[in-house]
Structures are given as C-alpha cells and as structure tokens.
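Reader: I am new to structures like this one. Please show me how to read it, one feature at a time.

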Amino acid sequence: MCGIVGYVGGRQAYPILIKGLTRLEYRGYDSAGVALIGDSGKLVIYKTKGKVKDLEAVTADKDISGSIGIAHTRWATHGEPSDINSHPHYSENHNLALIHNGIIENYLSLKTELTRKGYHFQSQTDTEVVIQLIQYMMDSRSVSLEEAVPLALNLVVGAYALVIMDKDQPDKLIAARKGSPLIIGVGEDEYFVGSDASPIIEYTHKVVYLGEEQIAYIKRGEDLRITDLRNEEHTARISELEMSLSEIEKGGFPHFMLKEIFEQPRTLKASMQGRLHPELGEVKLSGVIDNRERLLGAKRIIICACGTSWHAGLIGKYMIEEFTRKPVEVEYASEFRYRRPVIFPTDVVIAISQSGETADTLAAVKLAREAGAFLFGICNVVGSSIARATDTGCYTHIGPEIGVASTKAFTAQVTTLFLLALSLAEQLGTVTDERRAQLVNELQRIPEKIEKILQHDGEIADIAKIFTYTRNFLYLGRGYNYPVALEGALKLKEISYIHAEGYPAAEMKHGPIALIDEEMPVVVIAPKRGNYEKILSNIQEVKARKGRIISVVTEGDTDVKALSDWSFEIPDSEECFEPILSIIPLQLLAYHIAIAKGRNVDQPRNLAKSVTVE
Ligand code: F6R
C-alpha cells in the first residue's frame, strides 16, 4: 500500500527519488519521506505528514546532495499520519535508515523486548521495530549489517517490502520482501528499487522481481547478490519490463481516472487480442487449452476477489453458469480465508485481482492450494504475487491502472471472464457454434460501443453538478446489471464520499424503499435485455414515492425514459455484455460528481491502490 523507491549510482539521488515518489503516490499518500547520505557523509532523513509536494517544501532549504537514497510515501496502518510516524525511520544510533511497506504483526512484543534492552522508539509504527531489531542484532552479536538482516527478519512475523541504508556503506542498499512486492531496476552502474515499476521505467527496462522471503544486496559497481532468509544464494533473473512511460502519465487528461475511463475501448481490445478469433467464431485461451482436463473436470468453480474485482467476479458467475452450466460461487477473499471453507480437490478457484498483490486474495489462493484445488488467476500486473501463486491464468493486459478507483480493470476483468466462460463452453459443448459466433462477433463490437457512450461525457458532467450537495444515492439493477449497481455505488462513494448503496432492484421493497423520498436519487440500470418489465415495475415503485430516477437505458428506450428524471443511453448489446457498457456512464457520473465536490479523485481519502495488508 505504501510506495517505496530507492537509488544507488552515479547520479544525484534526490530528483530520482522525488519523481519516483510522485509516480507512486497513488499507492499511499498521507505522508512522505526521504533518506540520503549527502556529500558530508551524514545520513539525513527528511519527512513530513502530507503529500510529496509537502516533502519538497520541507527539503527546499536542506542539503539534498548524495548519490544514494531511499524514499517512501505512506498509507498509515499503525500510528496516525504524522511527521514522526512517516518513513524512513532511524535505528537507535542513527547509522541505519529503513522504509517499509506491509505490517509487522508481532511488533508489540518485539518493541517491548527491545525497549527493555534500552532501545528508544520515536514513533507508534510497527516499522521502527524492524530497524531497531537489526541494530540490536548487530550490537548484541557483533555481526555485520548483511548478517544482521536475515537474523532479524527471521524473528519478524508479518508482511514486508523494505529497503535499508547504512551510513557506513554509502554505495549499498539492502532490500527484502515477504508478502509485499519489490522490484529492482538494473541500470548502467546504478540500481533502482521500487514497490512497482513506475519509478524505474524511465531509467531502465531491465528488472529483477525479488522473490518471496528473498534479500537483495544492491551494491554499486557489483552484480546483484540475492539470498533468502536461510542464507541460501539465488540467481538474480533479469526480466524485460513491457510497459512504457506514456502508460504511467496522464496524457493530457486532468486525472488518471478520467484517462483510464477513456482508455477502455483500447484496453478492452488489448484484453481480447490474440484470444478472440471472430473469423473462426472462437476464443482461444492458452491457460484453458493447456489445462483442459483439470478445468473441464471441475465439479464447481469458486471465484475469490475483493472490491471491484469481486463485482467483476459476480458477473463472471452469471456468465460461467449461463454458458457452461457449472456451479459457481463468488466469495469475498477476506471471508473465504478465515471461515474454514469447504474446498474439494475437484474445485477450480479463480482469483481476480488487478494488482495481483491483494493480501486477502493471495491468502485465499494459498488456502485453496493447500486443499488441492486448481488455481486460475485473472490479474493485470504481470509477474505479481497472485499471478505467480496460481497454476495458470490470463492477464488482462490493460497497462498500469493508477487512478485509485478501479475503472478499466473492471471492464477488462469482465471481458476476460467472458473469454474464459466461452472457451470452457466451447470445450464442453454447452454452447452451439452459431451462438458462440454471435457472441464473439458482438464482443468485438463492444469497444466502438464504449466510444459512443464516452461522447456523452459533457452531458454527464452537466447532470453531475445537480448532485453536488446530495448526501445519499441508491443504485438498483437486476441480473447481469445487479453487480453494476454495486460497482456504480462503490465508484461514487469512494471518490465523492457520498453515501451510496447498490441493491438488486427487487430487494428494494424488503427494506431500502423506506429511504426513498424526493431527496433520494435512485440510479436504475435498466437496459432492454433481461428483466426489463420487472425493473420497470421497480422504477414505478420509486416514482410513486417521489424518488428521483437516473436511468441507464438502451438507445431508443421510451418506457423507462418516460419515468426518469435523467437518462444515459447505451447501445444495444447481448445481455451478458450490458455490464461493460452500463458501467461507463456510472464511472463518468461518479467522476464528475466528485469533481463538482472538489474531491481529489485520483487520491481519495483513506484509500490506497494496492491493499497488501489484510
Ligand atoms: C475500487 C477498488 C478496490 C479494488 C480492491 C481489489 O475502486 O479499486 O475495491 O478493486 O482493493 O484490488 P485488486 O483488484 O488489486 O485485488
């Protein structure tokens, strides 16, 4: 959740670190800090509550020289956002500095023990314990830093990606990971460290993904040395980064979120590329072809995910059940992992995660692995932990998603789930060739249909202004569009801070109808396929109670429109693709309401992009 960046090489570290932090700020943004070994040889730390620009203000009149440094942008877990709790943290003698992403679960017992031994803690963080423990190992056992790091990390329970600097070794960083990602960029006589590739991509495409429980000794002028917690040596495998710098820049849009909403026609094509074959009326997924027996033999499919990915999973359930007739259960990964679920070795577990790092989803995958289930990952970030922990899978290939509110990942996940459903159906013979060809042809047309919806951005922005002071919203949908109601409500609440709830439309009369009055806007997703008449009745029920209706309808609709105060049209499509279209106006509505309220849409309060803590 926090952002980590490190540099050692021949250039000035500070500008690289600050630029890296700015690129990583979407991961966490309540405080920022940097540690440098300056020309004077001193190890200095500057840190502050607030954004990266606040850190720049703090350092404006300070010595920021030095060609080695580490920097951090924080999403608070232990201890409120404050200057003191910001990273980096010093060790007792101020010789070492550390930045950390993750949670140290046994920090209290370690802190008590270290305090008893005379170590002094400045912050309320769990992080500070790690650097104090490392110094304690050096002090008490008279070992080097390199020896102390694995000794200390073996005592730590929890998750971490961390980087350490030592005043006495101004050409060396030590990095380690367990449960949180860490990438090392390999340049010419220089190294970069990042919690993802975004601070590195500008300088080098050669990277090493640090493995689980591995420690990297990163010394300028020497090859990378990698060991693990048992001190076994590992080869540093260099991979080529596929992303480009333009993918992590705003490209003329005021916010990443808007850019990513508008990218969807292109990103959807990327998710289908090489997989959808309209000329043959087929879908080809190598993950399915290579694991045919295991997947087709599944008695049951369980989908595990969190947040938006969970909403995509619900749509995936409808698709897989419709096309393959196999039973599908959709689970919140956080519930699944702790409730002793019944998992059979004949089950297939599909884990969906944009980041591929969500702690609960990763834990669910590990649990399913222990029970012998077959694991299929749908991730966006290539090489991420969930992608690696699953047996096979399918990347969504949409490039980095930087806006904290997920948009293009959702439509890509739904598309990928469709590809999976249809490819299984093809093998199982549960869909006729003719029907399959129809679906494949229609999916190919979806990107241009999204283009058409996006042309109405200006109108949606105008309507959004009406709701600047609205306090509550209700979202209703049925069938394939029920998860869209959940997702539309989530988008609105996370970036505008307006309370919004999504419901299956028919459930309204079992409770939420009590909320409806002239103050309550009700967003109804009512395209013409599937349950149209039923949702029309639900709209009548809202209208009868003076609720204000915002509807998403199919082009040419008259009945729902006649009852609505405002309507957004989407082109007609197959029922199973309606969610990919109906979510677009709702993403734009949420974005424009948040803008009208003056919110920071790319960095909404309390949220972080990649939830690597449970
Ligand atoms: C909402 C949002 C979150 C994520 C959730 C899972 O806009 O972004 O709800 O969907 O944290 O994240 P991933 O997909 O990375 O596992």
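Reader: Between which domains does the ligand lie?

Author: Start with the domains; their bounds come from an automatic or database domain assignment. Domain 2 (251-452) and domain 3 (456-614) both give residues to the shell around the ligand, so the ligand lies between them. The assignment also gives domain 1 (3-247). A word on the source: this is a predicted model, where local features need pLDDT of at least 70, side-chain atom pairs count only at pLDDT 80 or more, and totals for chains, interfaces and linings use all residues. Residues are numbered from 1 along each chain as its sequence is written, and side-chain values use heavy atoms, with hydrogens and water left out.

Reader: Which residues come nearest to the ligand?

Author: A residue is near a molecule if one of its heavy atoms lies within 4 Å of it. There are 15 residues around the ligand, and S309, S353, S355, T358 and E494 come nearest. Helices α10 (307-324) and α17 (482-496) each supply at least two residues of the shell. Helices are DSSP runs (H or I, at least four residues), as are strands (E, at least two), numbered from the N terminus.

Reader: How many residues of the shell are nonpolar, polar and charged?

Author: Here Ala, Val, Leu, Ile, Met, Phe, Trp, Tyr, Cys and Pro count as nonpolar, Asp, Glu, Lys and Arg as charged, and the others, Gly among them, as polar. The shell has 5 nonpolar, 8 polar and 2 charged residues.

Reader: What about the backbone: which peptide bond is cis?

Author: Check omega. The bond from H87 to P88 is cis, with omega near 0°. P88 sits in the loop between β4 (68-74) and β5 (89-90). Now check phi. S142 is not a glycine, yet its phi is positive, about 50°. S142 belongs to the loop between α4 (127-141) and α5 (145-153).
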